[in-house]
Amino acid sequence: MFTLDARGLNCPEPVFLTKKALQTHQDGIDVLVDDRAAIENITRLCNKNNYKVVKIEEADHWKMEVRK
């Protein structure tokens, strides 16, 4: 599974990178983020494009498992 590390980036950059990664990895990706706004915006993007998102809180970031 492809992992996109978007930690340290502020919105909207994590959303743009997620959208681009999903064009290549259409079955799904894992996204690492540390910005709460990115979580909400990536979730919205994924729901709009029929992806399911599971958010897992880690020590200092969140892992978002994005799947078809």
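I began with His61, which is buried, with a relative accessible area of 12%. The model is a predicted one, and I keep that in mind for every entry below.

**His61**

I looked up where His61 sits: the loop between β3 (52-57) and β4 (62-67). I then checked its side chain and found a polar contact with the side chain of Asp60, at 2.8 Å. Setting aside neighbours within four places in sequence, I listed Arg7, Leu32, Val33, Asp34 and Ile56 as the contacts of His61.

**Trp62**

I moved on to Trp62, which belongs to strand β4. Is Trp62 buried or exposed? Trp62 is buried, at a relative accessible area of 16%. With neighbours within four places in sequence left out, its contacts are Val31, Leu32, Val33, Asp34, Asp35, Arg36, Ile39, Ile56 and Glu57. I also took one C-alpha separation: Trp62 and Ile29 are 33 residues apart along the chain, and their C-alpha atoms are separated by 14 Å.

**Helix α1**

I checked the span of α1 (13-24). The helix has 12 residues and reaches 17 Å from first C-alpha to last, close to the 16 Å expected at 1.5 Å a residue. Which residues of α1 are buried? I found Pro14, Val15, Thr18, Ala21 and Leu22. I noted what covers the buried residues of α1, and the list includes β1, β2, α2 and β4.

**Helix α2**

I repeated the check for α2, residues 36-48. This helix has 13 residues and reaches 19 Å between its first and last C-alpha, close to the 18 Å expected at 1.5 Å a residue. Its buried residues are Ala38, Ile39, Ile42, Thr43, Leu45 and Cys46. They cover an arc of only 160° around the axis, which puts them on the same side of α2. On the other side of α2 I found Arg36, Arg44 and Lys48 exposed. I asked what the buried residues of α2 pack against, and the answer is α1, β2 (28-33), β3 and β4.

**Asn50**

I looked just after α2 and found Asn50 with a positive phi of about 65°. Asn50 is found in the loop between α2 and β3. Asn50 is exposed, with a relative accessible area of 60%.

**Nonpolar core**

How many residues does the largest nonpolar core have? I found 17, and those with the most contacts inside the core are Val31, Val33, Ile42 and Val66. The elements that give two or more residues to this core are α1, β2, α2 and β4. Among the contributors, α2 gives the most, with five residues. In soluble globular proteins, nonpolar side chains tend to be buried together.

Not counting residues up to four places away in sequence, Val31 touches Leu4, Thr18, Ile42, Trp62, Lys63, Met64 and Val66.

**Cysteines**

I checked for disulfides, using a limit of 2.5 Å between cysteine sulfur atoms. The count comes to zero disulfides. Cys11 is partly exposed, with a relative accessible area of 26%, whereas Cys46 is buried, at 0%.

**Pro12**

I ended with the peptide bond from Cys11 to Pro12, which is cis, with omega near 15°. Pro12 lies in the loop between β1 (2-5) and α1.

Technical notes. Residues numbered from 1 in each chain as written. Predicted model: local features only at pLDDT ≥ 70, side-chain atom pairs only at ≥ 80, totals over all residues. Heavy atoms only, no water. Buried < 20%, exposed > 50% of the residue type's maximum accessible area, 1.4 Å probe, protein only. Helix = DSSP H or I, 4+ residues; strand = E, 2+ residues; numbered from the N terminus. Polar contact = N/O pair within 3.5 Å; in protein donor to acceptor, adjacent residues only side chain to side chain. Contact = heavy atoms within 4.5 Å. Expected span 1.5 Å × (residues − 1). Arc of directions from axis to C-beta. Core = buried A, V, L, I, M, F, W, Y, C linked by side-chain atoms within 4.5 Å.
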